[in-house]
Amino acid sequence: MSASSLQAFQDQVSELLLRHRSLLDVMSKMGQTNTAAVRSVTKAVTECGCVELHATKQEFVSGIALEEAKEHIKHHVHGELCENCRDAVINELGRSLFYMSALGNLLGIELEEVLQRESQKCSTLGFFNMS
């Protein structure tokens, strides 16, 4: 998403948000929509079955290059989201993004700045950012 479209979306959210304009309402809706996004992925596994999880302990081989280590790491996900589950996940992620934008609006934070800072942190910390 480009900076201009990210800002345009955040502006659109500001115009559309009527009912939940308080900070507490937005924070609770943000938690609710994040939970719904997780639930839609869970349902893809447990109800639809289009995606399967085969989670096991990750075995790390010491003394090998980072790129080679990436090839050994498994992601546990097998299959692909069907069209219905994909739509459900996209819809829930969109609602989460809506309330994240609303929270930023209420606190005077532009999502573009959030994106830039997180990208900079990822660039600086590289592989160790989320480990």
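Is glutamate 118 buried, partly exposed or exposed, and at what relative accessibility? Glutamate 118 counts as partly exposed, at 33% relative accessibility; here buried means under 20% relative accessible area, exposed over 50% and partly exposed in between (1.4 Å probe, protein chains only). The legends below describe a predicted model, in which local features need pLDDT of at least 70, side-chain atom pairs count only at pLDDT 80 or more, and totals for chains, interfaces and linings use all residues. Residues are numbered from 1 along each chain as its sequence is written, and side-chain values use heavy atoms, with hydrogens and water left out.

**View 1. Helix H5 and its end.** Helix H5 covers residues 111-125, 15 residues in total (helices are DSSP runs of H or I with at least four residues, numbered from the N terminus). From first C-alpha to last, H5 reaches 21 Å, close to the 21 Å expected at 1.5 Å a residue (the expected span is 1.5 Å times one less than the number of residues). Glycine 126 follows H5 and has a positive phi, near 55°.

View 2. Glutamate 118 meets lysine 121 in a salt bridge at 3.2 Å, N to O (a side-chain nitrogen of Lys or Arg within 4 Å of a carboxyl oxygen of Asp or Glu). These two residues of H5 lie three residues apart, about one turn of the helix, and lysine 121 is partly exposed at 39%. Glutamate 113 pairs with arginine 117, with the closest N and O atoms 2.9 Å apart. Glutamate 113 is partly exposed at 37%, whereas arginine 117 is exposed at 60%.

**View 3. An aromatic pair.** The structure holds one aromatic pair. The ring centres of phenylalanine 98 and tyrosine 99 are 5.0 Å apart and their planes are at 75°, so the pair is edge-to-face (centres within 6.5 Å; planes under 30 degrees apart are stacked, over 60 edge-to-face, the rest tilted). Phenylalanine 98 is buried at 19%, and tyrosine 99 is buried at 9%.

**View 4. Methionine 100 in helix H4.** Look for methionine 100 in helix H4, partly exposed at 36% relative accessible area. Leaving aside neighbours within four places in sequence, methionine 100 is in contact with Met30 and Leu111 (heavy atoms within 4.5 Å). Methionine 100 and valine 114 are 14 residues apart in sequence and 11 Å apart in space, C-alpha to C-alpha.

Conventions: Phe/Tyr/Trp six-rings, centres within 6.5 Å; stacked < 30°, edge-to-face > 60°.
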